[in-house]
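This report describes a structure made of two chains. It begins with how the chains meet and then takes up each chain in turn.

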Amino acid sequence: MGFMVAAYLVVWAGLFLYVFWLARKSRKLAEEVKALREAIVRRGHE
Amino acid sequence: MISRALEGWSRGLAAAAAVLMVLAVLAVALYAPIEREQGLPQKIFYLHVPSAWVMFLAFFFVFIGSVRYLWKKDPAWDTFAYCCAELGVLFCTLVLATGPVWGKATWGAWWTWDPRLTLTLILWLIYSGYLILRASAASEEQAARFGAVLGIVGFADVPLIHFSVLWWRGMHPAPVIGLGGVQGGGLHPAMLYTLLLSLVAFTALFLSLLGLRIPLRRAEMEMRDVRRLSTFTQT
């Protein structure tokens with residue numbers, strides 16, 4: 001039983017970590033786009 | 001093109017993958033019988049084999065994407081190959097993680113230098129090297145070109161892994177289904193149906209992850225270009 005549970009935990013943890021990593025990448029990119037947009041607006045006002 | 005279609009279907013695919021994964025887990029827990037000799041650890045089979053199948057599929061896509069990139073010089077094929085390589089390494093890691101757990105339960109050893117195990121480890125090293133190469137190349141064009149060559153050459157290991165159990169004596173059993181497989185595999189029908197369901201679920205999961213990863217990678221590349229351009233205009 002222990003071996004089976006360990007294998008299932010490893011697979012699900014691996015998949016969740018990958019999705020979490022993708023979500024973090026996506027959030028970082030969205031923040032960068034927002035900062036860039038603000039910089040463009042600021043430059044437009046100058 | 002495949003990547004455009006995947007992006008269009010990504011929500012539907014993600015929903016289908018989630019439902020199929022839940023069904024597969026239920027089938028493994030409630031429907032598939034417990035194998036007489038190995039007991040419960042045999043159920044690792046329904047994770048290990050689909051992970052290996054997806055790993056092969058991902059590296060096959062890397063091969064196709066790399067050939068198309070070198071031929072057409074279209075960066076979309078390079079993005080496709082890169083994302084498949086990343087997912088291939090993820091599923092190869094899962095294969096290398098679940099294998100030893102199953103091995104310890106049935107063979108009494110976490111690892112042996114069995115031909116299939118060794119060749120799978122080599123495959124993981126090749127495509128991890130591919131990702132490192134992509135991250136450390138001098139230019140994007142160079143990274144894509146070198147990556148494509150490695151993506152094509154590295155794929156030679158995949159048929160070796162598949163046929164290693166037939167060509168060399170090792171601990172791994174012969175394939176139960178597919179090319180070179182034993183007819184019917186001697187598998188109980190409930191085991192076979194559970195395996196097929198798990199294979200479909202893992203394939204849907206892989207395609208939905210690919211549908212998420214490709215637009216993200218493209219956005220990353222575009223952002224890198226914008227960053228480079230803004231540095232250039234400031235100087």
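## A helix pair across the two chains

Helix α1 (residues 2-45) of chain A packs against α3(B) at an angle of about 170 degrees, and their axes are 9 Å apart. Axes here are lines fitted to C-alpha atoms, for helices over the stretch in contact, and angles run from 0 to 180 degrees between N-to-C directions. The two helices, α1(A) and α3(B), are therefore roughly antiparallel to each other; angles over 145 degrees count as roughly antiparallel, under 35 as roughly parallel, 65 to 115 as roughly perpendicular and the rest as oblique. Helices (H or I, at least four residues) and strands (E, at least two) are DSSP runs, numbered from the N terminus.

On the α1(A) side, the contact is made by A:Phe3, A:Ala6, A:Ala7, A:Val10, A:Val11, A:Gly14 and A:Tyr18. On the α3(B) side, the residues include B:Leu90, B:Leu94, B:Val101 and B:Trp102. Two residues are in contact if their C-beta atoms, placed from the backbone, lie within 7 Å. The residues of this contact between α1(A) and α3(B) divide into 12 nonpolar, three polar and one charged. Ala, Val, Leu, Ile, Met, Phe, Trp, Tyr, Cys and Pro count as nonpolar, Asp, Glu, Lys and Arg as charged, and the others, Gly among them, as polar.

## Model and numbering

This is a predicted model, in which local features need pLDDT of at least 70 and side-chain atom pairs count only at pLDDT 80 or more, while totals for chains, interfaces and linings use all residues. Residues are numbered from 1 along each chain as its sequence is written, and chains are lettered from A and ligands numbered from 1 in the order in which they are written.

## The whole interface

In total, 22 residues of chain B are in contact with 16 residues of chain A. On the chain B side, α2 (45-72), α3 (75-106) and α7 (189-234) each give two or more residues. The largest share, nine residues, comes from α3(B). The chain B residues that touch chain A divide into 15 nonpolar, three polar and four charged.

B:Leu40 lies in the loop between α1 (2-31) and α2 of chain B. Not counting residues up to four places away in sequence, B:Leu40 touches A:Met1, A:Met4 and B:Ile34. B:Leu40 is partly exposed, with 14 other C-beta atoms within 10 Å; a residue is buried if 20 or more other C-beta atoms lie within 10 Å of its own, exposed if 12 or fewer, and partly exposed in between, with C-beta atoms placed from the backbone.

## Chain A

Chain A has one helix and zero strands. Its C-alpha trace spans about 65 × 10 × 5 Å along its principal axes. Of the 46 residues of chain A, 9% count as buried.

## Chain B

Chain B holds seven helices and zero strands. Of its 235 residues, 38% are buried. One of its residues, B:Leu209 in helix α7, is buried, with 26 other C-beta atoms within 10 Å.

Within chain B, helix α4 (residues 115-136) and helix α5 (residues 140-154) pack at an angle of about 175 degrees, with their axes 9 Å apart. That makes α4(B) roughly antiparallel to α5(B). Among the residues making the contact are B:Tyr127 and B:Leu133 of α4(B) and B:Phe146 and B:Leu150 of α5(B). The residues of this contact of α4(B) with α5(B) divide into seven nonpolar, four polar and one charged.
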